[in-house]
Each structure stands twice: as C-alpha cells, then as structure tokens.
Amino acid sequence: MTLETLSQLKLSNAQIAWRAAQDILDGSYVNLGIGLPELIAQFQPEGRKITYHTENGVLGFGEAPDSGDEDWDLINAGKKPITLNPGASFFHHADSFAMVRGGHLDLAVLGAYQIAENGDLANWRVGQNGVPAVGGAMDLVHGAKRVAVMTDHTTKDGKPKLLKACTFPLTGVNCVDRIYTSLAVIDVQGEKFILREKHKDLSISDLQSLTEAELHVVGTLENFDVPEDI
Amino acid sequence: MVEIYKSLADSVSKIQDGEVLMIGGFGGSGSPIELIHALIDRFSATGSPSRLTVVNNNAGNGYVGIAAMIRAGMVAKMICSFPRSSNAKAFNEKYLAHEIELELVPQGTLAERIRAGGAGIPAFYTPAGYGTEIADGKPTESFNGKMHVRELALIGDHAIVKADVGDTSGNLTFRMAARNFSPLMCMASKNSIVQVRHLVSSGQIKPANVMTPGIFVSGLIEVPNPEQEELLVRKEAVHQ
C-alpha cells in the first residue's frame, strides 16, 4: 500500500479520539495524556459523567477557559489553563499519584512511539540523544485499571509502530490493554494483538502488512463505525 | 518556632554551597519567583550559594526562576521528571554541554520520594519504571505477582515554596493547583521557607482549612503581589 493511499484512508486524530471516547463508561475517572489523548474529552458521549484527573493535583476539570480568563494557578499537566466542573477538587502531588498507582483511576490513555505485542509501551524518548523527559507516564501505565494507547497505526514514513518488541526505551512492560490506531482497534491479551475493529476498506492482510507483530482474530471482527464529519 | 522574615534576602540567607534545595511549583503554577530571585541576587553579589542540587518537577522556563538560576551557574544538578518547557534553553544548553547533571525521576516517584523523606520512610517499592532504564542498578522485588523497583527517599536541606495564606504558627493554605509538590517539600526539608501572599496572625486560618500544618514550616515571608512565572515567561522577562 502506498503512503498516499494510507494517508487518505486513515482516521484523523479527531476520529481516533471519537472512537476512544465511545468506550469510556459513565461514572469513570480518567487521565488523558498530554497531546493526542487530550482530544478525547471533546467527544465525551452525551449523558455520561466522566471525571478527568490531571497529575498536578486536579480532579474534575473542564474545558479550556476563554482567552483572557486564564488563571495560571489553574492548569493541567500540559501546563495549559483549565476550568473546573462542579465537584472538582485540588490535592498535592503525593495524593495525585496515590490516585494513579493505587488503582483508583478507571482508565489512562497515553500516546505511543511503539507498542509491543506483550503490551510493552515506548512513549518517552526515541534514543539516547537529546534531553530526556518522562513526566508521569511511567506511573500512569501501572496504576489505572485500564491502560489504552491512542496513536497513528504507522510512523510518518509508513513503518509499523505495533511491533514484536519495542526498540525505543520502554515506558513500561506488559502495561497496555487496548490500542486505538488510525486504522484499527486492537486489544493486548495473553501477549498477543487481538484485532477487534478495522477500517472497512482494509483487508486483514493489508493491516497485517502495516503491523510487525501478528494480528489475531478472536470472535467477531467489526468495521469502524466512526463519523466522517469530525 | 516559625521565623517571620522581614526581607527576602534574610529569608534565603541560610542556603549554602552544595546543598539540596527543593523548589515548589509545577511549571509556573506555585513557583516561588521572589524567593528564587532573592537567591540569584545573593549569588550574583557573593558567588554563593553555588553547586546546588535543585529538586523540582521541571527545569525552568525562559529567563526567570529556576531557568535564571541555571543560567547564572548556581545549579550543579537537577532532580526532576520533565526538564522540558516552552523555552527550556537554559537547562538544555548546560545539559548538552555536560555542565549540569540530571537525575530523571518519574513524576509520581518524585512525589513519593519527597513524601517519604518527610515521613521517615527511607525507601519504598513502586511499580513505576520497572523494566525501563530508570530502574537500572536499583533492587527489584515481586509483590502480589507484580515486579516493583526500590526507590530512596529524598530529603532537602532547604525548601523554598509559595503559599497563599500563612499564619504566624506556620500553617498554610495554597491557591488551586499551585499546591502540587509544595506541602511535600515542606515536610521533607530541614529548613522550609515559604513566601505567602497574605500573612495573618495565628488562628486566622480555620484549623479545618489548614493544608500544611506549621510543624513542617521553618520560616515565612509575606510577598503580597507575587509574580506569576507563566506571565513573566510570556513577556520574555529576564532576571540576572
């Protein structure tokens, strides 16, 4: 498959976020990673109450404030200004990561450079050069009841990001439960990638050619049902 | 007893060369800009304190606060989780020139190491970082079928933090998410200096509203209209 065909076919970041948002249950406590996963909050389905956690000590934050209304003591872990929803709370960093490591969050969604079929995640540095920065990712991948990843299915030059083994430095081992990509929804179970949903215009073998590790089908395989106009 | 300082210069006078200094704040939120700048002014005038080990989540932004300390050449080592910001040039240049050491710590581990330091727990096990380069050289152990990494407590010789209201007993409240690491750093440091926006008499903060009890606080100084680091960075303010 050419890069051009691939880029026409794949879901936009907003569409991946929409798909991930559909799985977040009413009443959940959720941490959305800086970058792509943050988009998920925009697509929270009507009627569900979801409480968002951010590492720097806020539970129950809402949308960004209007320009001019920013309060720089009220920011998220990405250092962006936020607002509060009714029922919000503030706490110090040790309590914040007690929520994370202690299994109190229902879901954490992170970005990824690479994911291995055993659930290993690499998302914090691409080699030994430059200045490393890890933030809260290594804690988040071991604390939340479910850990999901949101990513393009391949790198910009079409190389697989879903691998037999990660080659970049790891964020955590055996930690990813579900992967939302631009072409598929994949679960990690028993150290295998289980294909759950795929783009309707892609065959399993097309998808396999863009995935280094083997894709398994167990039970029913669905096609994506994602709105076109987002 | 809590010392009430009258000048910023006095409040940071005990910090010596080579010591461990914990600095509150997460990015700009909670950053004690006035205390940091008082320390830089002392270094500019006297050459001390130098060779500091600084503990903060980040490693400074722009030309103010911790970034200005790094530019001034006062910092030998940063212990932080995320030495990246909108303008992290100060740290990046020193780091890539091997002029500053970095101990990179996952954010939750950093918080817990500081909490442990304040709580008399010398070490603890966490799942964070197991199987990654962060765990290199550290003891590991399986608990409940899951592997964990041993991490050591962090203790500061000093902490400098920003709070909202402080009373003369040292009790503190913090404003919104400006709380972050500051209560932990006050616990974990032998000399905790707090700049407060409002200094009130003992009893003026209701006991139920105290966020950090005064037992963790060594000294207070009132700074009624503190600068906000994020706004200073945005207008490219420079402290040198």
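## Close-up views of a two-chain predicted model

**View 1. A three-stranded open sheet in chain B.** Three strands of chain B make up an open sheet, ordered β6-β8-β7, with antiparallel pairing. Everything shown here and in the views below comes from a predicted model. At the edges sit β6 (123-126) and β7 (140-143) of chain B, each of which pairs on one side only. From one strand to the next, the twist averages 40°. Strands of a sheet pair through backbone hydrogen bonds, either parallel or antiparallel. For β7(B) and β8(B) (residues 146-152), the antiparallel pairing runs over four bridges. Look for B:Phe143, whose bridge partner in β8(B) is B:Lys146. Helix α5 of chain B (residues 107-119) packs on this sheet and touches β6 and β8 of chain B. The direction of α5(B) makes about 155° with that of β6(B).

**View 2. Helix α4 of chain B and its buried face.** Which residues of helix α4 (residues 89-96) of chain B are buried? They are B:Ala90, B:Phe91, B:Lys94 and B:Tyr95. Seen down the axis of α4(B), these buried residues fall within an arc of 115°, so they line one face of the helix. As a reminder, an α-helix has 3.6 residues a turn, so residues three or four places apart point the same way. The cover over the buried residues of α4(B) includes α3 (65-72), β4 (75-80) and β5 (101-104) of chain B. Just after the helix comes B:His98, with a positive phi of about 60°.

**View 3. The surroundings of B:Leu220.** B:Leu220 is part of strand β12 (residues 219-222) of chain B. It counts as buried because it has 26 C-beta neighbours inside 10 Å, and 20 or more make a residue buried. Leaving aside residues up to four places away in sequence, B:Leu220 touches B:Val2, B:Ile4, B:Tyr5, B:Gly166, B:Gly170, B:Val194, B:Val196 and B:Leu199.

View 4. Most residues other than glycine have a negative phi, and most peptide bonds are trans. The peptide bond from B:Ser48 to B:Pro49 is cis, its omega being near 0°. B:Pro49 belongs to the loop between α2 (33-46) and β3 (52-55) of chain B. In chain A, the loop between β9 (162-163) and β10 (178-181) holds A:Asn174, a residue other than glycine with a positive phi near 45°. A:Asn174 counts as partly exposed, with 17 C-beta neighbours inside 10 Å. B:Glu236, in the segment after α7 (229-234) of chain B, has a positive phi near 55°. Is B:Glu236 buried or exposed? It is exposed, with 10 other C-beta atoms within 10 Å.

**View 5. Where chains A and B meet.** Chain A brings 31 residues to this contact and chain B brings 39 residues. On the side of chain A that touches chain B, α3 (93-101) and α4 (137-143) of chain A each supply at least two residues. α3(A) gives the most to that side, with five residues. The residues of chain A on this side divide into 16 nonpolar, nine polar and six charged.

Conventions
Residues numbered from 1 in each chain as written. Chains lettered and ligands numbered in written order. Predicted model: local features only at pLDDT ≥ 70, side-chain atom pairs only at ≥ 80, totals over all residues. Contact = placed C-beta atoms within 7 Å. Nonpolar A, V, L, I, M, F, W, Y, C, P; charged D, E, K, R; others polar. Buried ≥ 20, exposed ≤ 12 C-beta atoms within 10 Å, placed from the backbone. Arc of directions from axis to C-beta. Pairing = 2+ DSSP bridges. Axes fitted to C-alpha atoms, helices over the stretch in contact; angles between N-to-C directions.
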